[in-house]
Amino acid sequence: MAEKGVTAGKLASNVQKKLTRAQEKVLQKLGKADETKDVAFEEGVINFNKQLAEGSKLQKDLRAYLAAVKAMQESSKRLQECLVDMYDTDWYGKEDVDSIAEDTDLLWTDFHQKLVDHALISMDTYLGQFPDIKARIAKRDRKLVDFDSARHHFASLQKGKKKDEVKMAKPVSLLEKAAPGWAQGILSAHHVAQTNLSRNQVTAEEELGRAQKVFDEINVDLQEELPSLWNSRVGFYVNTFQSVAGLEEKFHREMGKLNQNLNDCLTKLEDHNETGVKPQEAANHSLSPAGGSAPAIPKSPSKAEAPGGNLLDMDMTSLQPAVSPGAVASSPAAQAPSWDTWEADTTVAAPATAGTDATAAPVVPEAGANESPEAAEMPPAFVFKVIAMHDYVANDSDELEMKAGEVVLVVNFDNPEEQDDGWLMGMKEALWLQDKEACPKGVFPENFTQRL
């Protein structure tokens, strides 16, 4: 029963407060009661509402962007799965294509999750502070009405007391002088009224003090928080959009590498399909690590083919030593000297002296002329030459831009660990012959070139 009484009393008090506030607002609108104004605070509330609207719109658009990223991931995944399903197991690069499809989906997943972690969660945290402040602004408005109502009530009591005092002052003084028996009752009633008026005035003054205290407490806090919240929006917007931009840049860079790898696989598959020879069998495009064994030297035509066979229409006169007819007939080895034997002969043998029969022994180049002028001008760490089959536009400062038909001198990487699969390091032959050590070098995709 006691709890029901307390609840009923509290409910009645709340109803009375609402009626008092409604009455006060009506009087203020009619101009019969003045309203406490705070221009600076009202501007702060306007800024707060604007900031809340902007943040809510940004949150909505960010969620839509994340939904679009998720949809793109699903579309990309279905497209990659379609390629994987159509890609026969005996086609070139089947395992690479499967791996690229898996890595692509993982990259999309990572991109979406990082957007959630670095943008959406911070966005939700930022907006999470607005409901509490909005509720306290509404409470401040109610407490301001209560304060104005208490202030007007106290003022009305003071005004009524002064009127009563003026009205009763003269009759009371006369009654006190005459003081007949019948006037004592009137005097007692007057004193009781004065006492009640004073008591009501004291109560109204206490209520005014309490209302002002409650209003001041909440008002002071909001006066500090609203400007600080308004100023914080700049840093938040900067951090949010920098995070999104940075994540997008990294995502597209990594996705570009995967797309390039897929393009390489498909190009080699096309070459295989047209020639019937697997790309790895058509040419050896790998570079040996710095400090390791040199690239394999092609076999000489005389060693690769039997006499009368197809010598690929090569001019053999520059490679074969001059021998006498007797030397040719004496040994099969003299007919087809190996590349290693020829290289050793041209390196060790001394030049023929005057008077020696030139037909009796191989003609050996003079000392210091073992290498051709062109070979002597090759750059350090030179490996082999390639010719550009397609134009290539450099995408980064460390890449080599090429035009179809240009000859490129392939060299070893300064740091073998920096070499990526499918990429070579080199410099344009024309620029090397012109600038020598000042010639720029860079990396380029090997599938854009053909080895000479």
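Q: How do strands S2 and S3 pair up, parallel or antiparallel?
A: In this predicted model, S2 (residues 407-411) and S3 pair in the antiparallel sense, with four bridges. Val411 stands opposite Met425 in S3.

Q: And what joins S3 to S4?
A: Four bridges, and those two strands run antiparallel. S4 covers residues 442-445. Across that pairing, Leu424 stands opposite Phe444 in S4.

Q: Is S3 largely enclosed or open, and why?
A: Largely enclosed by the rest of the structure, because six of the six residues in S3 (residues 423-428) are buried.

Q: OK, what about Lys436, where does that one sit?
A: Lys436 is in the loop between helix H12 (429-435) and S4. Its charged end sits over the ring of Trp432, 5.7 Å from the ring centre.

Q: What's up with the phi of Lys436?
A: It's positive, about 55°, although Lys436 isn't a glycine. Most residues other than glycine have a negative phi.

Q: Which other residue has a positive phi like that?
A: Ala381 does, with phi near 65°. Ala381 lies in the loop between helix H11 (373-376) and strand S1 (382-388).

Q: How accessible are those two residues?
A: Ala381 is partly exposed, with a relative accessible area of 40%. Lys436 counts as partly exposed too, at 31%.

Q: Switching to aromatics: how many pairs are there?
A: The count comes to nine aromatic pairs. In one of them, the rings of Phe48 and Phe130 have their centres 5.3 Å apart.

Q: Why call the Phe48 and Phe130 pair tilted?
A: Their planes are at 35°. Stacked needs under 30 degrees and edge-to-face needs over 60, so this pair falls in the tilted class.

Q: Where do those two sit in the chain?
A: Phe48 is in helix H2 (residues 39-86) and Phe130 is in helix H4 (residues 130-178), so the pair links parts of the chain 82 residues apart. Both Phe48 and Phe130 are buried.

Q: Which residues form a cluster with them?
A: Tyr126, Phe236 and Tyr237 form one aromatic cluster with Phe48 and Phe130.

Q: What lies over the face of Phe41?
A: Arg140, at 3.6 Å from the ring centre.

Q: Last one, Asp105: buried or exposed?
A: Asp105 is buried, yet has no salt bridge. It lies in helix H3 (residues 94-127).

Q: Why doesn't Lys77 count as a salt-bridge partner?
A: Lys77 is the nearest side chain of opposite charge, but it's 4.4 Å away.

Key. Residues are numbered from 1 along each chain as its sequence is written. This is a predicted model: local features need pLDDT of at least 70, side-chain atom pairs count only at pLDDT 80 or more; totals for chains, interfaces and linings use all residues. Side-chain values use heavy atoms; hydrogens and water are left out. Buried means under 20% relative accessible area, exposed over 50%, partly exposed in between (1.4 Å probe, protein chains only). Lys and Arg count as positive and Asp and Glu as negative; His and the chain ends are not counted. A salt bridge is a side-chain nitrogen of Lys or Arg within 4 Å of a carboxyl oxygen of Asp or Glu. Rings of Phe, Tyr and Trp (its six-membered ring) pair if their centres lie within 6.5 Å; planes under 30 degrees apart count as stacked, over 60 as edge-to-face and the rest as tilted. A charge sits over a ring if NZ of Lys or CZ of Arg is within 6 Å of the ring centre and within 35 degrees of the ring normal. Two strands pair if DSSP finds at least two bridges between them.
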